[in-house]
Amino acid sequence: MSVRSAFLVLLGPGPRHGYQLKAEFDDATGESWPLNYGQVYTTLQRLEKAGAVASLGEDEDGRIRYELTDHGREEAEEWMASPVQQPLASRDEIAMKVLLAVRTDPGRAVAVIDVQRQATMSTLQTVTRMRAEGGDLPWMLHLDRTAMLAEAELRWLDRAEERLDAEAGADSPKADARLRSTPIEETT
Amino acid sequence: MTVLELHSVTVSFGENVALDDVSLRVEAGELIAVTGRSGSGKSTLLNLAGGMLMPTVGGVVVAGESLGGATAERIADIRRRHVGFVFQNLKLLPRISVAENVALPLELHGTSTKDARSSAIAVLERLGLDDRADDPPSALSGGERQRVAVARALVVGPSLLLGDEPTAALDPTTAEQVMKIIRSACNAGAAGLIVTHDPVQAAWADRVVHLRAGRMGRTSAGTDAIERTDLLK
């Protein structure tokens, strides 16, 4: 997404100057997306050039306020109303590592899964603790989403391991050798 | 203080190796989750920790007392004094009240009915269930019944809390309530060991151990708090 769409939405309730937009953006996103003033003013200038916002001139403090034009209001509405099209076939690095290991060295795939499970579970543990501590609404919404993405990844890793085991045939000596190839870590 | 120690335990049922050279220590104040799919050895591990099963090889120590070579009576005594259990298929007695169910382990210890009841009420209060104390278990929702099961495990002030899929069959909100209770019992000094196939519940633990075909994979622990600006990267 772009800061442009965010500003159009934030201007919906009424005119704002750049400083107000940045403050509202920070507040709305739970300060998870740092903006600098350079970005704020460049974005506003581009929006004005495109006819999406109009300048209302300087106020008594010398700050320029902007309001949405009809065109800008339409663009904001269209953005809010459209679903985001996420790529269905994910090219994420975790999936690629597992797929490449399956191709080149299937015994290795289980070790790749084990290493990734440890890292993702660690993230989920941290986020679970932070969710229990609580926080403001934007922050909690972020944490919920992060936790659920981690959960989905962990469930996929479990399922991938299950499929690899089934593929290897649980009782064959070959499968047994694969099980043993998983590095074992000291846990005490 | 170490409350539970498994020293290189192996459990075999005939040719089938359920656990293969597993070592684990659980300290007071610590919650450990064991994950793995069914048949991975999770339940075997929990049965070892609770003294319901003896290892083929290796040793189990609960609260400083070795279970190896102990008589059945001795093990039952260690279990009564130190261990609280939360099972997936909770076993509340249907004909007595919620408070009587929770008081039961204390009465079996020889605590008077009156004292057992007041301890039971205190635990139920902590779990927000004191207003249900005199109801029969059948009057409670599934989530409430599971919290009563946790109360019954906590009433003896166990140094070791064992959970077998303690939140299975609960909706996410109720599951979270139950995990918070288990978590706070551990924060208050109990050592906790739960087995679960669910990563969301496992994530409440300080350490998560993954079992696969009776062997231990990697152990994960949480990290420092994540910064707000890290979330959208």
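Predicted model: local features only at pLDDT ≥ 70, side-chain atom pairs only at ≥ 80, totals over all residues.
Student: Where does Ser40(B) lie?

Tutor: In the loop between strand E3 (31-35) and helix H1 (42-49) of chain B.

Student: Why is Ser40(B) called buried?

Tutor: Its relative accessible area is 4%. Buried means under 20%. Therefore Ser40(B) counts as buried.

Student: Which residues is Ser40(B) in contact with, leaving aside neighbours within four places in sequence?

Tutor: Ala18(B), Leu211(B), Arg212(B), Ala213(B) and Gly214(B). Each has heavy atoms within 4.5 Å of Ser40(B).

Student: Back to Arg37(B). How do you know that Arg37(B) forms a salt bridge with Asp165(A)?

Tutor: The closest N and O atoms are 2.5 Å apart. The rule asks for a side-chain nitrogen of Lys or Arg within 4 Å of a carboxyl oxygen of Asp or Glu. Arg37(B) and Asp165(A) meet it, so the pair is a salt bridge.

Student: How many salt bridges does the rule find across the interface of chain B and chain A?

Tutor: Six. There are also 13 residue pairs in polar contact between the chains, both residues at pLDDT 80 or more.

Student: Which elements of chain B each supply at least two residues to the side that touches chain A?

Tutor: Strand E2 (16-27), helix H7 (199-202), strand E9 (207-212) and strand E10 (215-221). E10(B) gives the most, with seven residues. By class, that side of chain B has 15 nonpolar, eight polar and 13 charged residues.

Student: How much area is buried between the two chains?

Tutor: About 3,500 Å², of which carbon and sulfur atoms give 57%. In contact are 36 residues of chain B and 40 residues of chain A.

Student: E2(B) again. What makes strand E1 (residues 2-13) of chain B and E2(B) a pair?

Tutor: Eight bridges join them, and they run antiparallel. Pairing needs at least two bridges, so E1(B) and E2(B) qualify. One of the bridges sets Phe13(B) with Asn16(B).

Key
Residues numbered from 1 in each chain as written. Chains lettered and ligands numbered in written order. Heavy atoms only, no water. Buried area = accessible area lost by both parts, 1.4 Å probe. Polar contact = N/O pair within 3.5 Å; in protein donor to acceptor, adjacent residues only side chain to side chain. Helix = DSSP H or I, 4+ residues; strand = E, 2+ residues; numbered from the N terminus. Nonpolar A, V, L, I, M, F, W, Y, C, P; charged D, E, K, R; others polar. Buried < 20%, exposed > 50% of the residue type's maximum accessible area, 1.4 Å probe, protein only.
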